[in-house]
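The sequence and the structure come first.

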Amino acid sequence: MADNIVSSILRMTWPVVVTDPAAPNSGDPVRFGSMTGIAMLDEGDGGVGATETVVDFGMYVADHPVTDVVGGGIAVGATVYYDDGADRLENDTTGTPYGIALETVGAGLTATIQVLHAPHPALGAG
């Protein structure tokens with residue numbers, strides 16, 4: 001199970017063929033259509049199909065590496081996005097909304113911080 005989950009408020013897990021990344025590992029952020037979540041197991045593990053991943057799409061706090069690609073850093077409360085091209089979380093709004101930063105990231109840096117994931121495909125929109 002994903003060792004980087006700090007706390008889970010609402011579990012919503014099911015096996016899916018994720019949209020990105022190509023072969024997720026336990027603890028990786030993932031995208032499935034317009035939804036995001038965290039891989040609970042490596043792809044194909046846990047008795048699911050070879051191309052399926054058990055994903056938690058619920059509300060949780062997890063430690064994730066997050067990269068400031070915009071410049072100026074990432075503040076507490078900022079929306080972080082999943083970037084398909086880089087298979088990472090960052091602050092570029094062209095990605096898919098993933099969650100809310102609960103810690104800061106310095107300008108131009110990557111840091112492992114706690115991120116609150118909220119199960120809503122339009123997180124941060126509007």
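## Aromatic pairs

Which residues do ring pairs link into a cluster? The cluster consists of Trp14, Phe32 and Phe57, joined by ring pairs. The model in which they are found is a predicted one. Searching the whole structure gives 2 aromatic pairs. For phenylalanine 32 and phenylalanine 57, the ring centres are 6.0 Å apart and the planes stand at 50°, so this pair is tilted. A plane angle under 30 degrees would have counted as stacked, and one over 60 as edge-to-face.

Phenylalanine 32 belongs to strand E3 (residues 29-32), while phenylalanine 57 sits in the loop between strand E5 (53-56) and E6; the pair therefore ties together parts that are 25 residues apart in sequence. Phenylalanine 57, at 0% relative accessibility, counts as buried. The cut-off behind these labels is that buried means under 20% relative accessible area.

## Overall fold

The chain contains 10 strands and 0 helices. Its order along the sequence is β-β-β-β-β-β-β-β-β-β. A compact globule of 126 residues would have a radius of gyration near 14 Å, and the chain agrees with this because its own value is 14 Å. Along the principal axes, the C-alpha atoms fill a box of roughly 45 × 30 × 25 Å.

Of the 126 residues, 41% count as buried. Among contacts with a separation of 6 or more, 54% are between residues 24 or more positions apart.

In soluble globular proteins, nonpolar side chains tend to be buried together. In this chain the largest nonpolar core has 18 residues, and Ile5, Ile38 and Val66 are those with the most contacts inside it.

Another core, of 6 residues, lies apart from the largest one. Among its members are Val16, Val30, Val55 and Phe57. Phe57 is also part of the aromatic cluster with Trp14 and Phe32.

## Tyrosine 98 and histidine 64

Tyrosine 98 is placed in strand E9. Its relative accessible area is 0%, so tyrosine 98 is buried. Which side chains make polar contacts with the side chain of tyrosine 98? One is that of tyrosine 60, at 2.8 Å. Another is that of histidine 64, at 3.0 Å. Tyrosine 98 and serine 34 are separated by 64 residues in sequence, and their C-alpha atoms are 9.9 Å apart in space.

Histidine 64 is located in strand E6. With 1% relative accessibility, histidine 64 counts as buried. Leaving aside residues up to four places away in sequence, histidine 64 touches Asn4, Gly27, Pro29, Ile38, Leu89, Tyr98, Ala111, Thr112, Ile113 and Val115. One of these, Ile38, is named above for its contacts inside the largest core.

## Loop residues

Where is the cis peptide bond of proline 21? This bond joins aspartate 20 and proline 21, with omega of about 5°. Proline 21 lies in the loop between strand E2 (13-16) and E3.

Aspartate 87 is not a glycine, yet its phi is positive, at about 50°. Its place is the loop between E7 and strand E8 (88-90). The relative accessibility of aspartate 87 is 41%, so aspartate 87 counts as partly exposed.

Threonine 94 is found in the loop between E8 and E9. Threonine 94 counts as exposed because its relative accessibility is 69%, and the cut-off for that label is over 50%. From threonine 94 to alanine 107 there are 13 residues in sequence and 19 Å in space, C-alpha to C-alpha.

Key: Residues are numbered from 1 along each chain as its sequence is written. This is a predicted model: local features need pLDDT of at least 70, side-chain atom pairs count only at pLDDT 80 or more; totals for chains, interfaces and linings use all residues. Side-chain values use heavy atoms; hydrogens and water are left out. Helices (H or I, at least four residues) and strands (E, at least two) are DSSP runs, numbered from the N terminus. The radius of gyration is taken over C-alpha atoms; the globule rule is 2.2 Å times the number of residues to the power 0.38. Buried means under 20% relative accessible area, exposed over 50%, partly exposed in between (1.4 Å probe, protein chains only). Contact means heavy atoms within 4.5 Å. A nonpolar core is a set of buried Ala, Val, Leu, Ile, Met, Phe, Trp, Tyr and Cys residues joined through side-chain atoms within 4.5 Å. A polar contact is a pair of N or O atoms within 3.5 Å; within protein, one must be able to donate a hydrogen and the other to accept it, and residues adjacent in sequence count only if both atoms are side-chain atoms. Rings of Phe, Tyr and Trp (its six-membered ring) pair if their centres lie within 6.5 Å; planes under 30 degrees apart count as stacked, over 60 as edge-to-face and the rest as tilted.
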